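Please prepare a short report on the structure shown here, with the cut-offs stated for each term used.

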Amino acid sequence: MLPVLGLEHERDANARVVPESSKHGNHPSGSLNPSKIDIDTTRRIAAGAQAVGLKFLDHIIVGRDDSFSMARAGLLDA
């Protein structure tokens, strides 16, 4: 059973959810391009968040000198 949180404000949910739900992985090739698995998994997480009233903002791939935002690339819209 999932714990029930008594939250007064939406910002309280953000403060409690974001740090624990941050996901990280690596791209051994060094490529910033998301794989099909990255995109599919991120879309499933976003849909799950929406189902419980949370808004998934982005999945950012960080490289040595640059980064890639799935939201900015329009990959979370589908």
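This is a predicted model: local features need pLDDT of at least 70, side-chain atom pairs count only at pLDDT 80 or more; totals for chains, interfaces and linings use all residues.

Residues are numbered from 1 along each chain as its sequence is written, and side-chain values use heavy atoms, with hydrogens and water left out.

The pLDDT is the predictor's confidence in each residue, from 0 to 100. Its average over the protein chain is 75, and 65% of the residues score at least 70. Helix α1 (residues 10–21) has the lowest confidence, at a mean of 48, while strand β2 (residues 67–69) has the highest, at 91. Over residues 1–16 the pLDDT is below 50, and this stretch has seven contacts in the model beyond near neighbours in sequence.

The protein chain contains two helices and two strands, in the order α-α-β-β from the N terminus. Helices (H or I, at least four residues) and strands (E, at least two) are DSSP runs, numbered from the N terminus. A contact means heavy atoms within 4.5 Å. Of the contacts with a separation of 6 or more, 41% are between residues 24 or more positions apart.

Buried residues make up 18% of the 78 residues. Buried means under 20% relative accessible area, exposed over 50%, and partly exposed in between (1.4 Å probe, protein chains only).

The largest nonpolar core has six residues: Leu-32, Ile-39, Ile-61, Phe-68, Met-70 and Leu-76. Such a core is a set of buried Ala, Val, Leu, Ile, Met, Phe, Trp, Tyr and Cys residues joined through side-chain atoms within 4.5 Å. Beyond four places in sequence, the contacts of Met-70 include Pro-34, Asp-38, Ile-39 and Leu-76. Asp-38 lies in helix α2 and touches His-27, His-59, Ile-61 and Met-70, not counting residues up to four places away.

The structure holds one salt bridge, between Asp-40 and Lys-36, whose closest N and O atoms are 2.7 Å apart. The term means a side-chain nitrogen of Lys or Arg within 4 Å of a carboxyl oxygen of Asp or Glu. Asp-40 and Lys-36 are four residues apart in helix α2 (residues 36–51), so about one helical turn separates them.

| Residue | Relative accessible area | Class |
|---|---|---|
| Lys-36 | 63% | exposed |
| Asp-38 | 17% | buried |
| Asp-40 | 28% | partly exposed |
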